[in-house]
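User: I am new to this structure and would like to learn how to read it, feature by feature. Could you take me through it slowly?

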Amino acid sequence: MYDQASGLRKLAQEKKSSAKTIVITSGKGGVGKSSFAVNFALSLGKKGKRVAILDADLGLANLDLLLGMSATYNLKHLLEGQKRLSEIILSAPYGVKLIPGGSGIVELANLSELKLKGLIEAFGVLDPYLDYFIIDTGAGINKQVLAFALAADEVFVVTTPEPTAQADAYGIINVLQKGNLALPVNIVVNQADSIFHGEMVYQRLKLICKKFAAKDVGLIGIIPSDITVSKAIRHQVPLIIYQPKSKAAVAIDQAASCYLAISASTLSEKNQVPTHKGFSGFLERMARLLR
Ligand SMILES: Nc1ncnc2c1ncn2[C@@H]1O[C@H](COP(=O)(O)OP(=O)(O)OP(=O)(O)O)[C@@H](O)[C@H]1O
Ligand SMILES: [Mg+2]
């Protein structure tokens, strides 16, 4: 059994950097956000990045099950002072950390100043030792999901080729654009019949976002429809471990590689070092947005 406290200590001994927060969301439900979030995070972990995932679905928090684990404690226990951060964190493969949100996610919307300060302090210890903090949300345009997305450094909007999913993806992007013009928003086309079809879906969405919301949206990846995804879920083993050579696993892995390559080249082009403020910065922004 993983020793949580020594795991955190080990993490803290590693090199410092700033964590980038990525919120994964969608307009329509059931498009594959959680499957993508878990496997994308593991793929980044496999490539040597230090990654944490927050399971922030208000309704059906189940990332622990997708990772073959079972969460006993969650953010609520941390907020209520019953457990420390090191006691609620679960350790997944490739060094990825999972923070189960549970009903603590609802409480994030109504935090007292004192609790917010405590939470920021707790995550402030972890933040410098992570590269990416991935937040998997529920679907749809509600106040909390919007505050999450608007507080992030970057948002991935997942859609499928279904017209309803595409229309809802545009809907959420349009609202995000009104909230923050500068927020980087990127698309994941999941359950595509082919790469060609997925590319068409992305191009169409890109055009609509540009025309009607004056928003440039990038592409994270096109993930094919693959029966192996549901087989992996049934076996409670993450897809990229269950069948790394399956079509969907290869596509997610490629998406992660391209994402890292593009992030690195954008930074070096601008001669910049990352300036993200981690999950604690995210919490501050989110609390401001919800006030
Ligand atoms: N690339 C894929 N190919 C085939 N099936 C997929 C693919 N991605 C996801 N699925 C299936 O879609 C279903 C929903 O996936 P998932 O739970 O990840 O969606 P979600 O967007 O997180 O849902 P919710 O909105 O309820 O949080 C799962 O049962 C999964 O098997
Ligand atoms: Mg989900």
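This is a predicted model: local features need pLDDT of at least 70, side-chain atom pairs count only at pLDDT 80 or more; totals for chains, interfaces and linings use all residues.

Analyst: Residues are numbered from 1 along each chain as its sequence is written, and chains are lettered from A and ligands numbered from 1 in the order in which they are written.

User: In what order do the eight strands of the sheet lie?

Analyst: Helices (H or I, at least four residues) and strands (E, at least two) are DSSP runs numbered from the N terminus, and two strands pair if DSSP finds at least two bridges between them. Here the eight strands form an open sheet with mixed pairing, in the order β3-β4-β2-β5-β1-β6-β7-β8. The edges are taken by β3 (90–91) and β8 (218–224), each of which has a single partner strand, so one side of each is left without a neighbour in the sheet. Elsewhere in the sheet, β2 (residues 51–56) and β5 (residues 132–137) pair in the parallel sense over six bridges, with Thr 137 in β5 as the bridge partner of Ala 56.

User: Which residues of β6 are buried on each face?

Analyst: In a regular strand the side chains alternate between the two faces of the sheet. A residue is buried if 20 or more other C-beta atoms lie within 10 Å of its own, exposed if 12 or fewer, and partly exposed in between, with C-beta atoms placed from the backbone. In β6, Glu 154, Phe 156 and Val 158 are buried on one side, and Val 155, Val 157 and Thr 159 are buried on the other. This strand pairs in the parallel sense with β1 over four bridges, where Thr 25 stands opposite Val 157, and five bridges join β6 to β7, also running parallel, with Val 185 in β7 as the bridge partner of Val 155.

User: How do α9 and α10 cross, and which residues meet there?

Analyst: Axes are lines fitted to C-alpha atoms, for helices over the stretch in contact, and angles run from 0 to 180 degrees between N-to-C directions. The axes of α9 and α10 come within 10 Å and cross at roughly 40°. Two residues are in contact if their C-beta atoms, placed from the backbone, lie within 7 Å; among those that meet are Ala 169, Tyr 170 and Ile 173 in α9 and Leu 205, Ile 208 and Phe 212 in α10. Helix α10 (residues 195–213) also lies across β6, β7 and β8, running at about 145° to β7.

User: How many residues surround ligand 1, and which are the closest?

Analyst: A residue is near a molecule if its C-beta atom, placed from the backbone, lies within 6 Å of it. By this rule 21 residues surround ligand 1, the closest being Gly 29, Gly 32, Ser 34, Ser 35 and Ser 230. The elements that give two or more residues to this shell are α2 (33–46), β7 and α11 (227–235).
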